[in-house]
Each structure stands twice: as structure tokens, then as C-alpha cells.
Amino acid sequence: MPILDKTKKLKKQLGAFDVFAIATGAMFSSGLFLLPGIAAGETGPSVFLAYLVSGLLVLPTMLSKAELATAFPRAGGTYYIIDRTLGPLMGSIGGFGSWFSLVFKSAFALIGMGAYISIFFEVPITPVAVILTIAFGALNIFGAKETTKVQNILVLTLISIMAFYLVQGFSYLFSMDILDIHRKQFTPFFANGAQGFFGTVGMVFVSYAGLTKVVSVAEEVEDPDRNIPRGMFLSIITAITVYVAGVYLMTAVLEPEAFRQDLTPVATAGEIFLTWLPGDTGLILIVIAAISAFASTGNAGIMSASRFPLAMARDKLLHPKLSEIGKFDTPMVSIVATTGMMVFLLLVFNVEEVAKLASAFKLLLFGLLNLAVIVMRESQIKEYDPGYTSPFYPWIQMIGMVTSGLLIFEMGLVSILFTVAVTILSVAWYYYYAYGKIDRQGAIFHVHERLGQYKDRGLEHEMRRIMQEKGLREEDPYELVISKAAVLDVKDPAITYKDIVKHACRNLATKVDVDEDKLFQAFDKMSDFGAISLGKGAALNHTRLDIEAKPELFIVRIKHGLSVESRYFKNQKKSELHAIFFLVSSEKYSTQHLRFLAHIAEMIDQDHFLQHWIDAKDEGALREMLLRDERFITLTIDSANKTKDMIGKKIHEIELPGESLIAILRREGNINIPHGNTVIQEGDKLSIIGEVEDIERIREMKEN
């Protein structure tokens, strides 16, 4: 059957900068504008080094989550990943914990925003925070792109002001005696020894926790294989730079005792080296930066947190109403529920204290995400196809788990008890509401299967759907494989399916240098000659061999249709086929093999494919139907346009942009596979494949 998923997906409309803005905005709030002074009270001048160490310690989790997000670009990020790797029980814990943690932090950020607004306007902080929550909630309902436009403005404002702040601050420092400053301001460096320093590392570590928040909107990211890692890497570099440089600057210019008691150290330090600005301009800029930081955290928090109930409802862990997508292509009910919870917390609880309690749970989730990479790698699921792979596996993941475990104990007993309480409530909800409704176990069972136990086949099918949605990668030689593929256009009404398999094996065996009988047996072993029915009169037969060979394809078109017995198909009744595809690849490139299968399935699933396939004039037209429009062009050689320069030249003499390739040549109605010495004539039609930008340049040759 074709790979279908009837769940309505969120629209893909976020780019790399949107990913950067969401991740960056989620990190800058209290960690920069409130926490440095408190942290300095724990470790003294070494506080800036604590921020650096914390930033480095978050890297293993960032690398792990970048890999997982490109393999599972689905709404719900952390929840979805933990659910599909460790099973729905752990997924319930991860989902509820992620949602509560994010809601608490976002509500706290909007309290901070209200506090900074009150510097210039005498307004009650909590009511202002409630109004801001409702406003950002409404903005999120009207579209992810609209939300990220505001997010981009907020983050650009924040980064621009902080860049100006740092340049001015260091200019001030360089105008003074640096050695004298270090003697006075940075001695003793570790005020409370190693214990105080590492305790501070644990305290400020959560300042970077927002980095991975962006993964919850992975479903809405265009080209997630590229944009998610790029956005996250750029974000962590920006965050570490601003945090470390900013806190160093505060430590250098503020009197140590005053710094340790200062809850607005950014503003206080700015008053020292921004005095050349007229009036209160320096203070106003810092307040604008702070408001932008808190607003971006709150806005990104609502956007990200609302995807957790959406994903959990899709998986039957919550009421299905929460999975509904509104007319603006956003999860409206889930956004309303998230916004409502934030308003409730703001009105009923001391949000600052509750937000601190959630820190230990975030660290637990970090540990589970590192474990998830190990589970997925060791499961050996062929469909696990991340666009980015974490380096130094499994040492990076082990460091991430150990770091999370050690830092949890730095959070204090109350925070740990909060984590235990959320875990117990999540387990209770799972058994009360969801147990018995769902039939999935997670990739952890594939690890068990290697020990002779149960395997979750449903996860493999789900990951195939993800591969189909993600499509081919840039490095996949799909067009080349299509252009080289032999085509059997069946005219004999007496031909059988087994005859067609023999034709395919005869052709492919020569190309991959394998004995014909061995290939025949391989197809037999793979599916008892059966092809995977794709519906709409098409089928795929494929195999992977332990050989060194590039992928090869054999294409079959049966205009009159071929009636195939049900024994050739798994769970299928008798079928009439018009298109059959035979694909053989090396085991070495198993995930690429699956991407090819998924892409062919997607092409076949397009409207009117079968009729166009039957009506195609020749094998060249059949190949063209399978090629991607943006990577393929047909060029007619004409003395009236720029192609006239090709007339009379041999193909090897023609210089095409990049690595473009002339795959097919039509001349006087005949199809030819061109060679280097083939001479181009006027009227020839060349089918050319290449990279997107190269095809665009070739397209210009059609102009007069």
C-alpha cells in the first residue's frame, strides 16, 4: 500500500533564521538580566567562566537533539522523540514534564517583562503579564509565520542592542589598565572554591535550556535536515558569546559586593560606560533589550509549548480536540489551553519559585534525549535517517547523560521532589486515560529484538512516512539513477509477472556485477517476487545486497495492464499493474535505498500519475515523469537561441554549469543514450539533470 498519513500536518514555513530566532529568544531572559548577580554571589569573579562551562556542557544534548529532530521532524519535539524511542509511558512523562516546564518558564519570562515595563510606567506587574500572555497567545493562533516574524524582530532588537552594549563596554575596559582591573575585580577568582563554582555551573546551566525548545516546532521547518542544525549551532554560538562576554563585563566594571546583590546588573553596568549617551538613552536601550528578551522567551514558549498537547493528542494520550488544526494552520485548541494554563499560574502561584522547581525536570529530559540517540542507533532501524548525525557517538551521549545526572543533584531536594511528583502524575494519567488505547512500543523494543524479544513494526512504517515527507537529500544521485535506468515497455499480452522479474534481473545483474540467479533469489527472498503494492496500478520490488555497487533501477510500463495474482503481494487482492519498478542497492547505502523507495512512492501517489504513465509516448517521457522538475530540463537545440553554440560539437566538448549531465538525447523521434563522442545536431532534444541552481542557468539558454 502507499505510504499515507491522514493526520493533518502543520504547514512548513519556518527557515533557518526562524529556528535561530526561536532558539535564541528562548535562552535570553532571566539568565542574562537577573541571574548574573545571584550567580556571582555563589562563586565570585569566576561566574563568567561558569557560564562558559555551562554552555559547553549543553553541547552534547544539543548535538543529540539536532540528530533526533532531523530524524523525527514532528510537532512535540521532546515528547515525540522520547515516545518513539522509549515508548508511550516514558513519552507521557516527557510530554507532561516538557509542557509544564515550558509553561512555567514562559510565564516567569512575562513576569520579568512586566517588571521592566514598570520601570517607566507605574503598572501592576501580574496584570500586565496576564495581558501579555493573552496577546502572545492570540498572535500564535494567527499563524506560525506571523509569530516568528515578531520573534525575529524581538531577537534582532535584543542582539543588536547587546552587540552595541558589549562593544561599548569593552572599549571602556581597554581604555583602562586591564591588569589593575583583574587584580581588583577578579581576586579571589573562586570565592567559594570548587564546590561553589560547580554549584554555580548547575545554577546557570538552565539558562541554555531553551536552546532545544525549537525542536518542538520541527514539523513546521522547511528542509529540517539543514535548517534545524544550522539554526541551533548559530544560536548556541550567539548565546555563549553574549553570556560569557556580558557577564565578564559586569564582573569587570561593577564593585564585587554590589554586583552580588544586584538584580539588574546589565543596567547597572551600562550606567558606567554608556554615560556618553544623552539623558537616559543608555538605560532605555537596556530596558528595550530586556523587554525584547523576556518577550521573545514568552512568545517562543507559547509557540513551542502548545505543540506538546497537539502531539500527545495525535497519539491518543490526550483528548483528540487538542490535535485540531485551525483555519490559520495552527493548533488553536492547544494554544488556547497553553495560554490558559499560563494565565492560571500567573494568578494563583508564585511563578518565579515554581519555574525554579522545573529546572531538575529539564535536566532529566536532557538525559533521556541523549539516551534516545543511543537507543535509535542501537535499534538498527533502517528507516532511522537523520539529516545530521552527532559526532563521537556514543561518548557525546554518555557525557550528556552523566552531566544531566550530576547537575540534577545541584538543583536541591525540593526541585527533585517536584520532578518525582510530575513523573508519578504522568504515569497515573497514562494508565488511567491512555493504557489500552494505543499500540506502539518505541525503538527500545528493537534493541530488545536483537536479544530475541518483541519488535515494534509500527515505528518502522511511521518513519517511512517521515522519510517520504522529507524527500531526497542533495547528495542522493536520484536523477542519475533514473536517467541510467533501462525501460521495458511491455507489448506482449502473454507476458507474466515472473517473466518481467527475469527481464529485470538480466539487466540489473550486469550493472551491479552480480550473478543473475543470485539476484533472482534476492528478489525472491525479499518479498517472494512481490512487489510492494503502491496502489494506482503500480508496484515496487527491491533488494539490498552485500556488494560494492551504486543503486540501479529497472522500469517497466505495461500499457494494457498486467493482472497479478494475490500471492505476489502481501495483504493484497488480485491487482492490475501498469508500472513496476525494480531497485537494487548496496547494503552500505540502506537508508538512501529507502529514500529512493519513498520518493518513487510519492511520485506515484500524485494525481493522474497512472493515466500520464499509460499515455507517455516513449521511454524518455516515462523517465521524465520520475524526475524532479527543479533538477531536470529538456533543451531543444535551435540556431535561433543560445543553444546554437552546441551545434556540431561533441558532448564532451560542451561545458555545462556545475556537474550537469546530458542524460537522454531525442533525435527524429528516436531515444538515444548519449556518449562523449555523440555530435549535437540542430533539432536535438537534450534531457539534462543537475543541481537546482545549475538547471536555472541552463534554462536561460532557451532565451533568444
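Modeller: A salt bridge is a side-chain nitrogen of Lys or Arg within 4 Å of a carboxyl oxygen of Asp or Glu. Side chains of opposite charge can pair when their charged atoms come close. Here, Arg260 and Glu257 form such a salt bridge through their side chains, at 3.4 Å from N to O. This is a predicted model, in which local features need pLDDT of at least 70 and side-chain atom pairs count only at pLDDT 80 or more, while totals for chains, interfaces and linings use all residues. Residues are numbered from 1 along each chain as its sequence is written, and side-chain values use heavy atoms, with hydrogens and water left out.

Biologist: How many salt bridges does the structure hold?

Modeller: The structure holds 16 salt bridges.

Biologist: Why are Arg260 and Glu257 separated by about one helical turn?

Modeller: Helices (H or I, at least four residues) are DSSP runs, numbered from the N terminus. Arg260 and Glu257 are about one helical turn apart because they lie three residues from each other in helix H13 (residues 256-260).

Biologist: Are Arg260 and Glu257 buried, partly exposed or exposed?

Modeller: Buried means under 20% relative accessible area, exposed over 50%, and partly exposed in between (1.4 Å probe, protein chains only). Arg260 has 26% relative accessibility and therefore counts as partly exposed; Glu257, at 44%, is also partly exposed.

Biologist: Which parts of the chain does the pair of Arg595 and Asp385 link?

Modeller: Their side chains meet in a salt bridge of 2.7 Å, N to O. This pair links distant parts of the chain, 210 residues apart: Arg595 is in helix H27 (residues 590-604), and Asp385 is in the loop between helix H19 (359-379) and helix H20 (395-408). Arg595 counts as buried because its relative accessibility is 5%, and Asp385 is buried at 8%.

Biologist: With which residues is Trp99 in contact, leaving aside its neighbours within four places in sequence?

Modeller: Contact means heavy atoms within 4.5 Å. With those neighbours left aside, Trp99 touches Ala305, Phe308, Pro309, Ala337, Thr338 and Met341. Trp99 lies in helix H7 (residues 88-117) and is buried, at 12% relative accessibility. Its C-alpha atom is 8.4 Å from that of Thr338, a residue 239 places away along the chain.

Methods: Helix = DSSP H or I, 4+ residues; strand = E, 2+ residues; numbered from the N terminus.
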